[in-house]
Amino acid sequence: MSNSSTAIHNKTLSELRGMLDDKQISAQELAQHFIQRIRTHDSTLNCFVSVTEDLALLAAQQADEQIAAGQAGLMTGVPLAHKDIFCTKGVKTSCGSRMLDTFIAPYNATVVERLHQAGTVMLGKLNMDEFAMGSTSESSYYGATKNPWDMQAVPGGSSGGSAAAIAAGLTPIATGTDTGGSIRQPAAYCGITGLKPTYGRVSRFGMVAYASSLDQGGPMARSAEDCALLLNVMAGFDARDSTSSEQASEDYSAQLNIDLTGLKIGLPREYFGSGLDAGVAQAIDEAITEFQKLGAEVREVSLPNSELAIPAYYVIAPAEASSNLSRFDGVRFGHRCDAPKDLTDLYERSRAEGFGDEVKRRIMIGTYALSSGYYDAYYLKAQRVRRLIANDFQRVLSEVDVIMGPVTPSVAPNLGESFKDPVAMYLSDIYTVPVNLAGLPAISIPVGFAHNRPVGLQVIGNAFAESKLLNIAHRFQQVTDWHRQIPDAFK
Amino acid sequence: MQWETVIGLEIHAQLATKSKIFSGSSTAFGAEPNTQANVVDLGMPGALPVLNAEAVRLAVTFGLAINAVVNRRSIFARKNYFYPDLPKGYQISQMDLPIVARGEILIEQEDGTSQTVGITRAHLEEDAGKSLHEDFHGLTGIDLNRAGTPLLEIVSEPDMRSAKEAVAYAKTIHSLVRYLGMCDGNMQEGSFRVDANVSVRPKGQAEFGTRAEVKNVNSFRFLERAINFEVERQIDVLESGGKVVQETRLYDPDRDETRSMRSKEEAHDYRYFPDPDLLPVVLDEAYIETVHAGLPELPNDKKQRFVKQYALSPYDASFLTAERELADYFENALKVAGCEAKLAANWVMGDLSAALNKAGLEIKQSPVNADMLGGLLNRIADNTLSGKLAKEVFEAMWAGEGGADAIIEKKGLKQITDEGAIAAIVDAVLAQFPEQVAEFRSGKDKVFGFLVGQVMKAAKGKANPAQLNAVLKQRLES
């Protein structure tokens, strides 16, 4: 569906690849185009924490040399931006927090390094909820990111900067991370495609940890086809991450076009209950009808422990976070309070000043859950629930190929609403969180609009079924054009 | 009232790996501060731990050596607390499932009594860095070179009933970990650290008393003194109607006392939970078998063998097997010499050990190696050297003058064993001292020693003493 009339910033990776290889545009011109887009639009959207223009032009120059020498790979010269949770050598890695406002990592995350080696051109670092804790990108120290589809709406979170930047054409692709829905939910709210891979598929080395047993980096782009290209570079075993899978990664572009005839889709009744917005439900139904037209079979399934996922998640994730964030103590890096009078004062004020409210809330929840006398009742019980949820998925996914449902119960809320009632915000993660608890891959694809805001469909697969999820998403995107919709202000 | 002391020890043995337990940084001691700390050791955001396989092997080695249960699945857990030299705000350790579970070890005290001490568990963990309070003018410096150094924490049962027993146990573990090559045992550099849990109870009472944990004991001598101080302190408290408080106490060697560091109320809630960055350590039978096959002969087995094979006394065997290097030295020297084992044992335990002690050297640093000592023993065994000459040759070897034969040749120290030659010297001396000869013959036996001395002097010390004695006696009595 290549279209020579689309603007450069709305082209797919394969279109950009062709233009670069045919010398219709140089990597430097491409980088300059996106830098210009960022300069024009980001003052209102606030997607970027850092714009690395000089580094981008340098990388683009090197890419041009490689292209000229006939040594270009699939990603050489492709602009991208990283969620500001990935460590970038020499460039600030803030994690959306005052705590790391001055932090410059001395090393690259594995994901950043691999993409750098592949010849991509980093445009900058993207805004996010502080330490990836939030569903709206409003908890960032750098202020809220706006949704390109509606400037009154949040872009979702925590990878809100990534989703909004892609939707607005400020970068063609971006990295994100997903602990409880942080790739899929902003992808859904911003009308783009985002894949949370199987836990262990993408290295966590150099990714600032929120909840280590749930965190997973993944690709975000307009289309599944572009996500596959990005995942090809991101995925793979990393000896520096003990939880990284040794299973060989695949060519995720290779199976995009497999026919879907006979695909068995399970629709969990728990994902279509009373909490689901009618407009969202309708868009989902229409998408599923589209899959039936493509030859898929649909049946109802049940994931009976789904309702336990949110409470279990909000014990496990904060518990791990309370420990993971202990290293931010004002001693070696990050924010340090002025003139501490003793060690306790150094700790208390550095952390009180460096962390925002939502981070503090989760550290307190997690500390409580791990405390002597409460550990069994909270942490151990939550781990048992996690096992039950994983068992639910395993059973259903032995009967059907994939599970489909909404990414979120409703469309993007208005800015400023969510943190008035954090528990209600937590509950909006009901369809995404169980997938992290089970460690499974899931993709979010745009399937229409409700209340003039984008709706995302979630497709959940078995462990290491990324190729199948991308195949399913790609076939859908070949017969629909929801992923090609551009907000008017950013065409 | 009669009191009984109850002691359990927690020993931290630093494992002799080249790199740290969760990172590739070097573990070498004494480098410039913070030059051996990479992003993992510094607890940088996004850095992740990767387990050092060698640390696992050494822990398993220890488990097998104490006949312990080696858990086929063990788990790393985070111990959470804030301290400036703890970079991540938690220590990676093991809690519920340690790599080594219940085992035991035979200990022997100086008086020869022996007993078995239970070992509750041994678990892997990372060391913290160091806080340096000197040279910073009211501030504290942090050195993270030590952060992430692998430790095996060896926890004993409360099986010891006196400071002497505790020291014997600590020494036995110290010897074992060195035997196994898993720890250099250097207490001054902190490679082998001992904490003592001490309590007292009325004799005959089944329940344990409240214990105090005594830390900062960096020699066996201090361990004995710290425990004895602590026992007396607790008895004084109890006898004056007080209660022992559960607390951590630091030993101060300068004042020879223990002082309260923190009470149970101030103790941390460490909020242990399984570390999600690390997979469970799963060991299969083939792996255990491989480690088992690589085990060296253990100290106690070696001691039994020395008694049996070399007909040494238990005391000699214990002395020689206290260190693997010393035992190897003894056996190598013996192999070269082919002399009586007792002769070799006497030299290793006597002149050699004395010289090493005086010079402050380890056996592996000895200027006289096992081959050289064996060469010397050969010349003693074949009567080339008298005991006195042998000492002279040993001193020359120690001074670096070469092997025994070369020194004997160079210095002309060869013993005179020719009967005729000795007799000639004897005759000449007797002719020189007729008065003394007459005295002897009139019954003054004491003068015999004088005559021996004169003959030896005339022989320049080289006459074989036994032959000299025999010839002199024969001449005087004829």
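Residues are numbered from 1 along each chain as its sequence is written, and chains are lettered from A, with ligands numbered from 1, in the order in which they are written. Because the model is predicted, local features need pLDDT of at least 70 and side-chain atom pairs count only at pLDDT 80 or more, while totals for chains, interfaces and linings use all residues; side-chain values use heavy atoms, with hydrogens and water left out.

We may begin with the interface. The size of an interface is often given as the accessible area lost when the parts come together. Here, chain B and chain A bury about 2800 Å² between them, with 60% of that area on carbon and sulfur atoms; buried area is the accessible area (1.4 Å probe) that two parts lose on being put together, summed over both. On the side of chain B, P45(B), F82(B) and R271(B) lose the most area to chain A, together 24% of what that side buries. Counted by contact (heavy atoms within 4.5 Å), 30 residues of chain B and 38 residues of chain A take part.

Polar contacts also join the two chains: 17 residue pairs, both at pLDDT 80 or more, are in polar contact between chain B and chain A. A polar contact is a pair of N or O atoms within 3.5 Å; within protein, one must be able to donate a hydrogen and the other to accept it, and residues adjacent in sequence count only if both atoms are side-chain atoms. Strand 3 (77–80) and strand 14 (273–274) of chain B are the elements that give two or more residues to the side of chain B that touches chain A. Strands (E, at least two residues) and helices (H or I, at least four) are DSSP runs, numbered from the N terminus. The residues of this side of chain B comprise 21 nonpolar, four polar and five charged, where Ala, Val, Leu, Ile, Met, Phe, Trp, Tyr, Cys and Pro count as nonpolar, Asp, Glu, Lys and Arg as charged, and the others, Gly among them, as polar.

Side chains of opposite charge can pair when their charged atoms come close. One salt bridge (a side-chain nitrogen of Lys or Arg within 4 Å of a carboxyl oxygen of Asp or Glu) is counted between chain B and chain A. It pairs R204(A) with D277(B) at 3.1 Å, N to O. Both residues belong to a network of salt bridges that links R204(A), D241(A), R78(B), D275(B) and D277(B).

Over all chains, the structure holds 54 salt bridges. In one of them, R269(A) meets E300(A) at 2.8 Å, N to O. R269(A) lies in the loop between strand 7 (264–268) and helix 8 (278–293) of chain A and E300(A) in strand 8 (residues 297–301) of chain A, so the pair ties together parts that are 31 residues apart in sequence. R269(A) is partly exposed at 47% relative accessible area, whereas E300(A) is exposed at 54%; buried means under 20%, exposed over 50%, and partly exposed in between (1.4 Å probe, protein chains only). In chain B, R249(B) and E247(B) form a salt bridge with their closest N and O atoms 2.6 Å apart.

Finally, zero disulfides (pairs of cysteine sulfur atoms within 2.5 Å) are found over all chains. The sulfur of C190(A) is 8.0 Å from the closest cysteine sulfur, in C47(A), too far for a bond.
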